[in-house]
Amino acid sequence: MERSWLWRIGLIAAVALFSVYQLVPSWFYFKLPPGERNGPAYEESVPKWAPNARRHLNLGLDLQGGIHLAMGVDVDRAVKAKVARRADEIAEYLKEKGVPVESAQPAGDGRVIEVKTSEPARAEKTVLDQYNSEMYAPSGAPQGATWLAFKTKVLQDFQAKAVEQAEKTIRNRVDKWGVSEPDIKRKSNNQIQIQLPGFKDPEKAKELLGRTAQLEFKIADDESSLLDAVRSELPACQGSEAGFKMPLPAEGCWSVETVELPSGGTRQVTFLAANNRSELDAAIEKHAKSKLDHDHELGIGEGTVGQGPIRDRYYRTYLLRAKTELTGDYIADARAAVDNSQGAGKPVVVFTMSPEGGRLMEKLTTNNLHRRMATVLDGKVETAPYIQGKISTNGQITLGSGRPYQQMFEEANEIALVLKAGALPAPVTIFEERTVGATLGPELIRKGTTAALVGLLLVIFFMILYYRATGLIADVALALNGLLVLAIMAIIGTTLTLPGIAGFVLTLGMAVDANVLINERIREELRAGRTVRQAVDQGYDKVFWTIVDGHVTTLVAAVVLMQYGSGPVRGFAVTLIIGLVASMFTSIVVTRAIMDFFTRRDTARLSV
């Protein structure tokens, strides 16, 4: 007999120790009550010498409960936003080429760009020369204008990329959120399925995942008198901006604020105010919308009156230039902080732009010194401070006041999180929401664990009773098999689900079956008059390909299931693949090495 059993025994011992080491985080994870497993208590409990705390066995939604969401991406909004950005690009490009342009903006259903110009033919040719692969010129444009539109294939690509980007953004947010082993994938052309095992707050999940986080920087036009005409149509707000008499008139009201002008001096700027957003939207629609031209829009922000914890909030307008000067796409980092510059600390969001964003911000602020720059987040003006000097890479978002400090700080944290993770390309809608009960998972785990242990003990008892010493060797291999499967699952971060447990039990059964084949063959060789060494060698040699064939054919089926299956089927297949590989190792290598060790002498006896 070769002395190769030495290194094989060493390899087996190393695998066993490595598996135990990798399962240390899982041991501490399951020691904690279910409600504390996904919190800081878990990471604090894991010893420093153990593997990374994230390497623990994850339980699926069916075992530990959690939240299931199906979100739909508004791809039409994403396309319209793309068309609007392209309209701005076209206007700038035509001006660079010396083509006179009155305006370039979306028209009709928002998918066509109408370029108003005194030279329509020249404008059309100039644009198509630049964007020939993406755009064409549909007919029907009015006199003094040309229409440009994206080709159908390009629009379809926009829609697909919008869903892809939304999936990536949601995944980034969940990752930064710290939820263990989320399941995020596309369900259809415009839907994304999200499963958050162990998460218990559906409202918070919807708030963070559904927030568009579109950040825009726009310049306020305080020199315009477009809104002055509303003074004759609405009542004046009672009191000054610093102290309105609340509540305001139900139909809204107008007021003025004194602003500094870049050219020097001051001006009384008209704005509208109302008690809530819906009242203000109605007042804008009825009295102000018709007075705006295509270069302007009304931004809506919040104001507060009163002092101390008791404050009244109202909504007000800002007259902004319609063009978005810069977006949050250039933000490299963001965090919540406390601004103490005005006395009492106030939560703010501090952000850092990328180098390219910093260059654009520097250019923007240099060209608009002493004007107000509005920071618009998801359609709401968060702040509109004066540009006092050049700003490059760093800036901050000041949140509206009037709420408890802790609430504002949590909001600042959430905004920073979504800004870092990136903005959704379009709003999302919750199509389906399910909360899996917390009591269902532990009950299933308890019953499943009991069933598995009872089955395992029966198998161990049978193997020892029927095959005696060789049965005990098979049981050792079986235990190592289970240990190895769980360790690999912890290392690669596979989620254990109910189907996964079924796959795990199936592989244990195949491992037992392989050992039964080996022991029966050895028995036959002993009956045929072979010595113990010859019987062991012949027994393993003759069943080797039988075991390999059985495992490989099942492995192929499992790979197919993993490739084309989803959800529970995929979880079953992944566990089955890991279990089959471990089973081949323990059945062929482990039992053979132990058997060789005990039968290394020709005079050895074998109890089988």
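**Helix residue first, then the sheet**

T586 sits in helix α16 (residues 568–598); helices are DSSP runs of H or I with at least four residues, strands are E runs of at least two, both numbered from the N terminus. Keep in mind that this is a predicted model, where local features need pLDDT of at least 70, side-chain atom pairs count only at pLDDT 80 or more, and totals for chains, interfaces and linings use all residues. Residues are numbered from 1 along each chain as its sequence is written, and side-chain values use heavy atoms, with hydrogens and water left out.

Me: Is T586 buried or exposed?
Reply: The cut-offs are under 20% relative accessible area for buried, over 50% for exposed and partly exposed in between, with a 1.4 Å probe and protein chains only. T586 has a relative accessible area of 1%, so T586 is buried.

Me: Which residue's backbone oxygen does the T586 side chain reach?
Reply: Contact here means heavy atoms within 4.5 Å. Not counting residues up to four places away in sequence, T586 touches A477, L480, N481 and T591. The backbone oxygen, at 3.2 Å from the T586 side chain, belongs to S583.

Me: In the open sheet of 4 strands, what is the order?
Reply: Strands pair if DSSP finds at least two bridges between them. β7 and β8 (residues 191–197) have 4 bridges, in the antiparallel sense. The edge strands, each pairing on one side only, are β7 (183–186) and β20 (428–436). The order is β7-β8-β2-β20.

Me: Which residue in β8 stands opposite I184?
Reply: β7 and β8 pair in the antiparallel sense. Opposite I184 stands I194.

Conventions
Polar contact = N/O pair within 3.5 Å; in protein donor to acceptor, adjacent residues only side chain to side chain.
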